[in-house]
Amino acid sequence: MKKFNVAVIGATGMVGQRFLLLLENHPWFNPVALAASPSSAGKRYEDAVAGRWAMASPIPERYKDMTVLDAEADVQKIASLADFVFCAVNMKKDEIRALEEKYAKAEVPVISNNSAHRGTPDVPMIIPEINPEHAEIINAQRKRLGTKRGFIAVKSNCSLQSYVPALHPLKKFGVKCAAVTTYQAISGAGKTFDRMPEIIDNVIPYIGGEEEKSELEPLKIWGHIEGEKIVNAASPKITAQCLRVPVSDGHTAAVFVSFEKKPTKEEILKAWDEFSGEPQKLGLPSAPKKFLHYFEENDRPQAKLDRMLENGMAVSVGRLREDILFDYKFVCLSHNTLRGAAGGAVLMAELLAAKGYLD
């Protein structure tokens with residue numbers, strides 16, 4: 001695989017910082033430009049994130065002296081340097097939509113961590129193990145944008161990447177409906193404990209917009225391409241509640257599910273154990289060897305113990321048992337800033353590179 005030069009837009013935020021750690025020694029992607037808001041532009045990266053570096057690992061040396069560019073004013077400069085960009089900006093949705101289209105129209109593919117374009121019918125929202133075929137809509141999007149190389153691809157919301165991977169292999173049994181409660185880490189809000197004192201000894205039962213995303217986005221992921229758009233799946237019906245809990249990293253989901261044709265517990269465990277996707281077949285650099293890991297212990301998965309499974313890119317499942325209202329219930333866990341955010345976006349970029357969309 002050839003080496004691609006890449007820029008990180010929104011490089012000073014928590015997800016942007018995670019991107020930089022993942023790209024530090026990436027075999028395919030070489031970070032050549034960092035961009036952020038006008039307040040950070042022109043500064044050395046180390047100075048721009050002074051007092052705001054939220055990762056456990058220190059700032060890699062290679063980034064410290066890089067000059068931060070202006071994400072909006074320097075689009076053409078960034079386009080001249082980078083083969084594609086990762087985007088994780090903190091702006092209003094309409095501003096993000098406009099910015100990402102500006103990069104795409106400058107013939108720079110955009111791999112986005114933002115939610116702004118998730119509802120755009122010709123923008124693929126890809127979990128690489130689940131719906132890699134949605135990349136085919138990129139040709140229709142390029143036609144609409146009038147571009148040869150430029151396009152936008154997005155990753156889904158971080159919360160549903162704990163339970164959608166576990167439900168996906170069970171669709172062959174006819175998943176009829178699911179009820180999900182997610183227990184979401186504070187890093188999903190871009191916070192650390194010292195910057196979110198209100199979460200200590202507390203659970204906050206509301207995360208703006210999160211329940212709607214958790215209920216609707218899986219239907220796009222499970223949808224199909226029709227003409228020049230992705231048509232959402234009609235089912236299964238999903239109802240969600242999303243809570244913020246005092247955990248640094250790792251979103252946990254409690255899932256209740258009913259089927260058209262109820263499988264046995266053994267059939268469910270076999271479906272999870274045998275499931276593998278395109279990233280595993282292609283041997284992509286960031287892909288977990290095994291996507292779904294089932295724990296037999298009653299007290300697993302736990303965020304503190306299991307979120308870093310396979311470098312934070314695997315999904316953990318446990319506590320599968322029959323339910324008195326639904327057919328079954330179980331618990332899932334994924335690392336929200338790795339699999340759920342920057343890591344998932346890097347894996348999607350690897351998939352698109354392997355399929356030739358970044359050439």
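Modeller: Let us begin with strand pairing: I9 stands opposite C87 in β4. The model is predicted, and strand β1 (residues 4–9) pairs with β4 in the parallel sense over four bridges.

Colleague: Which strand pairs with β4 over three bridges, and in which sense?

Modeller: Strand β5 (residues 110–112) pairs with β4 over three bridges, in the parallel sense. Within β5, I111 is the bridge partner of F86.

Colleague: Is strand β11 (residues 251–259) mostly covered or mostly uncovered?

Modeller: Strand β11 is mostly covered, since eight of its nine residues are buried. The cut-off behind that word is a relative accessible area under 20%.

Colleague: Which strands pair with β11?

Modeller: Strand β7 (residues 175–184) pairs with β11 in the antiparallel sense over eight bridges. Here T252 of β11 is the bridge partner of Y183. Strand β14 (residues 328–334) also runs antiparallel to β11, and seven bridges join the two. In that pairing, H251 has S334 of β14 as its bridge partner.

Colleague: Let us turn to charged pairs. How many salt bridges does a search of the whole structure find?

Modeller: The search finds 17 salt bridges. E46 and R44 form a salt bridge in which the closest N and O atoms are 2.8 Å apart. E46 counts as partly exposed because its relative accessibility is 28%, and R44 counts as partly exposed because its value is 30%.

Colleague: What other salt bridge does R44 form, and why does that pair tie together parts that are apart in sequence?

Modeller: The side chain of R44 also meets that of D65 in a salt bridge, at 2.8 Å from N to O. D65 lies in the loop between α3 (61–64) and β3 (69–70), and R44 in the loop between β2 (29–36) and α2 (45–48), so the pair ties together parts that are 21 residues apart in sequence. D65 counts as exposed because its relative accessibility is 56%.

Colleague: Which residues are linked with R44 in a network of salt bridges?

Modeller: The network links R44 with E46, D47, E61, K64 and D65.

Colleague: Where do E322 and K262 lie, and how far apart in sequence are the parts that they tie together?

Modeller: E322 and K262 form a salt bridge, with their closest N and O atoms 2.6 Å apart. E322 lies in strand β13 (residues 315–322) and K262 in the loop between β11 and α9 (265–274), so the pair ties together parts that are 60 residues apart in sequence. E322 is exposed, at a relative accessible area of 52%, whereas K262 counts as partly exposed, at 39% relative accessibility.

Colleague: Finally, which residues form a positive surface patch?

Modeller: K43, R52, K191 and R195 form a positive surface patch. One of these residues, R195, is found in the loop between β7 and α8 (210–221). R195 counts as partly exposed because its relative accessibility is 38%.

Technical notes. Residues numbered from 1 in each chain as written. Predicted model: local features only at pLDDT ≥ 70, side-chain atom pairs only at ≥ 80, totals over all residues. Heavy atoms only, no water. Buried < 20%, exposed > 50% of the residue type's maximum accessible area, 1.4 Å probe, protein only. Pairing = 2+ DSSP bridges. Patch = residues over 30% accessible without salt bridge, like charges linked within 9 Å, V, L, I, M, F, W, Y side chains within 5 Å. Areas by Shrake-Rupley, 256 points an atom, 1.4 Å probe, with all protein chains shown as cover. Salt bridge = Lys/Arg side-chain N within 4 Å of Asp/Glu carboxyl O. Lys, Arg positive; Asp, Glu negative; His and termini not counted. Charge placed at Lys NZ, Arg CZ, Asp CG, Glu CD.
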